[in-house]
There are 2 protein chains.
Amino acid sequence: MGRPREYDERVASALLEAAEHIVDADGLDALSVRRVANAVEATTRAVYSLFGSKDGLVVALGARAFHLLEAALDALPTTSDPANDLVEAGVLVFRRFVLDHPALLRIGFQHEGMSPDLACQFRDASDQALARLQGRVGRLAEGGQLGQRSVAEALCAFTAVCEGLAALELRGRMLPGSAEALWRDTLGALVAGWRIT
Amino acid sequence: MGRPREYDERVASALLEAAEHIVDADGLDALSVRRVANAVEATTRAVYSLFGSKDGLVVALGARAFHLLEAALDALPTTSDPANDLVEAGVLVFRRFVLDHPALLRIGFQHEGMSPDLACQFRDASDQALARLQGRVGRLAEGGQLGQRSVAEALCAFTAVCEGLAALELRGRMLPGSAEALWRDTLGALVAGWRIT
DNA sequence: GGAATAATGTAACACCGTTACGCAAAGGTG
DNA sequence: CACCTTTGCGTAACGGTGTTACATTATTCC
C-alpha cells in the first residue's frame, strides 16, 4: 500500500558508486548529500530514503570496503607455502584494493570523519573479512611459524602493517617503481621475524 | 604604526591547544573556527589574523605533531644495541606521542580532511623529524643488520609499521593490556626479519 | 469514486568557512 | 592639541552544509 518506491537498490548502488568517486576525486569534505544526489540525477530525498542520513551512506561505503576485501580474499588461491600465501594476501589483495579504492580505505579503515559508534555499524563486515585473513594466519600457526604468538596477535600485527604501508603509499611516500617490492619485502621480513621468534 | 596587535603568539598557542582538545574530544568535524575562537574567549578574527584560515590552523597542528616527535626523539638516549634503540624509538616515542596526541596523528600523518597540497605545507617539519629516525636506522645499517636494503627503504617500512600499529590501537583494536607488548613484538620481528634478509 | 497510506519534492532551519565593511587605536605631522 | 594615515579588530552578510517539517503525489483498499 501507499506510493510505490522509486529509489530501489539500483539507485542505492549508483549513489554509493558516485559517493566513492567524489571522495576519490575531491576528498571526503567534498562529499555532500546534495552533490551525490545530483550526480545520479536524483534529489536529496533519495539519500535519506535509502540510507537515512549522510552518515548512513558513509557506513554503507565502509561496509562495501570489507565486502570487496572478503570477495578478493576468497578468490586468491593458496599454495603449499602458507608464509608466502599470507604475504601475497597483503600484496595482491589488500594493496590492490587500496590502490583501486583509496576512498574506502580512508572510510572503512581510518574512519575518517566518523565517530567511533558509527564505525561499529560495519564491524560485522569487518570481522567477516578478517576471518578470511585469520585462516591464512592459522595455517602459519599450524606450521609452527608463529613462535609463541597467538593467531590473534599475529593477525593484529599483519593488518596493522598492511594498513601502515597503504597509508604511506597513498600519500606518495614510496618510490613509485618499488612500492610493490617494498610491500613484499616488509611483509616478508615480518613473517620471517615471526619464524625465528 | 597602526593599531597594535592584540593577538600574539601566546593566543596562537592557546588556539592550537584548544583546537587539539576539540579534535580529541569530538573529532575533526567538530573543529570550527567559531568554536575554537570561543574556547579562548576570542573572536573568529583571532584565527584569521594568526593563521589566515581554518586550513592554516590545521597546518599548524600538523607541524606541531612533528616538532613534538622531533623533540621526543632527541630526548631518547641510545645504547650499544642499535636494533633495540630503533624499536624503543617506536614504542617509547611514537606510541607515547600517539596516545598523548591522537588528534595530531590524524592530522599530521593521516592527513584527515586535508588536500594533498595542504599536507605539503608541513613537509619540512615532517622531514626534520624523519631525519632523527633515519639516524637510528643508519646505525642499524652500519652494523650490517639491514641485509640488502637501503636506509631509505627500511626507514619507510619502519614508519609504515609504526603508523599502522598506531591506527589499530587508537581504534581500540588491540587488547588493552598487551598493546605495548604487541608494538615491541611486531617492531622486533620486523628488524629481526631484516637481519636474516 | 473516495479514503487511507506511504514515498517524494521542497523549503526552511541552524550551522559552517570566509570576507567586505565599519570602527578603534596607535604614530606622525602641523 | 587636532588631524591624517595606517593597521588590526568586530560584525554582519554570503553561499554552502546536513537535516527535517510540510505539502504533494501515487498507489491500494473499500
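User: Which helix gives the most to the surface near DNA strand D?
Analyst: Keep in mind that this is a predicted model. Around DNA strand D there are 24 residues, and the closest are S32(A), K54(A), G2(B), R3(B) and S49(B). Helix 2 (33-39), helix 3 (44-51) and helix 4 (54-75) of chain A each supply at least two residues here, and so does helix 3 (44-51) of chain B. The top contributor, with four residues, is helix 3 of chain B.

User: And how many charged residues does the surface near DNA strand D have?
Analyst: Sorted by class, that surface has seven nonpolar and eight polar residues. The charged ones number nine.

User: What kind of axis relates chain B to chain A?
Analyst: Chain B can be laid on chain A by a turn of 180 degrees, with a shift of 0.0 Å along the axis and an RMSD of 0.1 Å. That relation is the one given by a two-fold axis.

User: Why do the copies meet through the same surface?
Analyst: In the contact between the chains, 31 residues of chain B touch 31 residues of chain A. The copies meet through the same surface because the share of chain B's interface residues that are also interface residues in chain A is 100%.

User: Which element gives the largest share of the side of chain B that touches chain A?
Analyst: That contact involves 31 residues of chain B. Two elements of chain B give two or more residues to it: helix 9 (151-170) and helix 10 (179-195). By class, this side divides into six charged, nine polar and 16 nonpolar residues. The largest share, twelve residues, comes from helix 9 of chain B.

User: What about the fold of chain A: how many helices does it have?
Analyst: Read along the sequence, the pattern is α-α-α-α-α-α-α-α-α-α. Chain A has zero strands, and its helices number ten.

User: What percentage of the residues of chain A count as buried?
Analyst: Along the principal axes, the C-alpha atoms of chain A fill a box of roughly 65 × 40 × 30 Å. Of the contacts in chain A with a separation of 6 or more, 69% are between residues 24 or more positions apart. Of its 197 residues, the buried share is 45%.

User: How far apart are the end C-alpha atoms of helix 1 of chain B?
Analyst: Helix 1 of chain B covers residues 9-26, which is 18 residues. At 1.5 Å a residue, the span should be 26 Å. The model agrees with that, as the end C-alpha atoms are 25 Å apart.

User: What arc do the buried residues of helix 1 of chain B cover?
Analyst: The buried residues in helix 1 of chain B are L15(B), A19(B), E20(B) and V23(B). They sit on the same side of helix 1 of chain B, because the arc they cover around the axis is only 135 degrees.

User: Which residues are exposed on the other side of helix 1 of chain B?
Analyst: The buried residues of this helix pack against helix 2 (33-39), helix 3, helix 4 (54-75) and helix 6 (102-108) of chain B. After the helix comes G27(B), with a positive phi near 85 degrees. On the other side, the exposed residues are R10(B) and A25(B).

How values were computed: Residues are numbered from 1 along each chain as its sequence is written. Chains are lettered from A and ligands numbered from 1 in the order in which they are written. This is a predicted model: local features need pLDDT of at least 70, side-chain atom pairs count only at pLDDT 80 or more; totals for chains, interfaces and linings use all residues. Copies are superposed by least squares on the C-alpha atoms of residues with pLDDT of at least 70 in both. Two residues are in contact if their C-beta atoms, placed from the backbone, lie within 7 Å. Ala, Val, Leu, Ile, Met, Phe, Trp, Tyr, Cys and Pro count as nonpolar, Asp, Glu, Lys and Arg as charged, and the others, Gly among them, as polar. A residue is buried if 20 or more other C-beta atoms lie within 10 Å of its own, exposed if 12 or fewer, and partly exposed in between; C-beta atoms are placed from the backbone. A residue is near a molecule or strand if its C-beta atom, placed from the backbone, lies within 6 Å of it. The expected span of a helix is 1.5 Å times one less than its number of residues. The arc is that of the directions from the helix axis to the C-beta atoms.
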